[in-house]
Amino acid sequence: MRRNGGRRGNFSAIRDGGLFLATVFFGILIAAKLDQINSETHVGRFFVIDGDTLSKGDERFRLLGIDAPELAQTCLRGGESWPCGTEARGVLRRLVTARDFSCSGSSRDRYGRQLVYCTADGRDVSSEMVSAGFAVASGYFQFSSEQARARREGRGIWAGEFEKPSEWRREHRAADLETPAAGFLTVIRHFLGWDHG
C-alpha cells in the first residue's frame, strides 16, 4: 500500500521551514534597521578616558564589544610589571587622532554612558583595539578572530600574563566600570555596517 504525501510531504515541510527561517531573518534585518533610526552619530574631537571609554563635552561614551584593561591595571611581561591600562589608553588615543573619527550608538548603560561603535578613517576602533592586543572581546562572536590572532602573535596584553579587566574590577571594587553588553540588534547593525552611514 502506498502512503499519501511521501515525497510531497517532505518537500512541503522543507519549504515551510525555509519560509519560516527567511521570515525570521528578514524580521531581524527590519528590526535592526528600525533600531538604527534611534542611533546618534558623534564626530569631532574626543577625549580618551581609558582603553574603552571616551568623552566629548559632557557626554561619556563606552565602546561596545570590547573590554580594555583599567587605567590603574598592570600586567606581567617577561616577569616584569608594566602599565597595560595606561598603554591601552595610549593606543586608543592614537586611534582618536584620525582625520575621520566618529562614534554611533542608540542606547545607554545604567551610568548614562552612550554605548557606541567608533570608526577611525574607516577602521573599526573596537576591532583595532583587540587586534593590537589592548582589549579583549566581550560580546557574542564579535572580534574573536582578531583576539585569536593577537593572542597567537603575543601582542599587547597577550605578551605575558594579565587579569581579565572584569576580574580586575571585581577585585578592586570598580563596579561602576563594568562592561556593558551590546544588544542583539546593535550587533546585527554593526555586523552589516549600518552604524556608520
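1. In this predicted model, Val-125 touches Leu-63, Leu-92, Leu-95, Phe-101, Cys-118, Thr-119 and Ala-120, once residues up to four places away in sequence are set aside. Val-125 is also among the residues with the most contacts inside the largest nonpolar core, a set of 34 residues, and is listed there together with Leu-54, Leu-92, Phe-101, Cys-118 and Met-129. At least two residues of this core come from each of S4, H2, S8, S9 and H3, and H2 provides the largest share, namely six residues.

2. Helix H2 (residues 84-96) has 13 residues, which at 1.5 Å a residue should span 18 Å, and the distance between its end C-alpha atoms, 18 Å, agrees with that expectation. The buried residues in H2 are Cys-84, Gly-85, Ala-88, Arg-89, Gly-90, Val-91, Leu-92, Leu-95 and Val-96. As background to such a list, an α-helix has 3.6 residues a turn, so residues three or four places apart point the same way.

3. The link of Cys-75 and Cys-84 is right-handed, with 70 degrees about the S-S bond. Both ends fall under the 20% limit for burial: Cys-75 is buried at a relative accessible area of 3%, and Cys-84 counts as buried at 0% relative accessibility.

4. The count of disulfides comes to two, and the other one joins Cys-103 to Cys-118, S to S 2.0 Å. This link is right-handed as well, with 105 degrees about the S-S bond. Because Cys-103 lies in strand S8 (residues 101-108) and Cys-118 in strand S9 (residues 114-120), the pair ties together parts that are 15 residues apart in sequence. Cys-103 and Cys-118 are buried. With the bonded cysteines of the protein numbered in sequence order, the pairing reads 1-2, 3-4.

5. Turning to the rings, the model holds four aromatic pairs. In one of them, the rings of Phe-46 and Phe-61 have centres 5.5 Å apart and planes at 70 degrees; planes over 60 degrees apart count as edge-to-face, so this pair is edge-to-face. Phe-46 lies in the loop between strand S1 (40-43) and strand S2 (47-50), whereas Phe-61 lies in strand S4 (residues 59-63), so the pair ties together parts that are 15 residues apart in sequence. Phe-46 counts as buried at 7% relative accessibility, and Phe-61 counts as buried at 1%. Ring pairs link Phe-46, Phe-61 and Phe-101 into a cluster, and Phe-101 is also one of the residues with the most contacts inside the largest nonpolar core.

6. Trp-82 and Phe-134 form another pair, with ring centres 6.1 Å apart and planes at 85 degrees, so that this pair, too, is edge-to-face. Since Trp-82 lies in strand S7 (residues 80-82) and Phe-134 in the loop between helix H3 (125-131) and strand S11 (136-137), the pair ties together parts that are 52 residues apart in sequence. Trp-82 counts as buried at 5% relative accessibility, and Phe-134 counts as buried at 9%. The ring of Trp-82 also has the charged end of Arg-77 sitting over it, 3.8 Å from the ring centre.

Methods. Residues are numbered from 1 along each chain as its sequence is written. This is a predicted model: local features need pLDDT of at least 70, side-chain atom pairs count only at pLDDT 80 or more; totals for chains, interfaces and linings use all residues. Side-chain values use heavy atoms; hydrogens and water are left out. Rings of Phe, Tyr and Trp (its six-membered ring) pair if their centres lie within 6.5 Å; planes under 30 degrees apart count as stacked, over 60 as edge-to-face and the rest as tilted. Helices (H or I, at least four residues) and strands (E, at least two) are DSSP runs, numbered from the N terminus. Buried means under 20% relative accessible area, exposed over 50%, partly exposed in between (1.4 Å probe, protein chains only). A charge sits over a ring if NZ of Lys or CZ of Arg is within 6 Å of the ring centre and within 35 degrees of the ring normal. The expected span of a helix is 1.5 Å times one less than its number of residues. A disulfide is a pair of cysteine sulfur atoms within 2.5 Å. A nonpolar core is a set of buried Ala, Val, Leu, Ile, Met, Phe, Trp, Tyr and Cys residues joined through side-chain atoms within 4.5 Å. Contact means heavy atoms within 4.5 Å.
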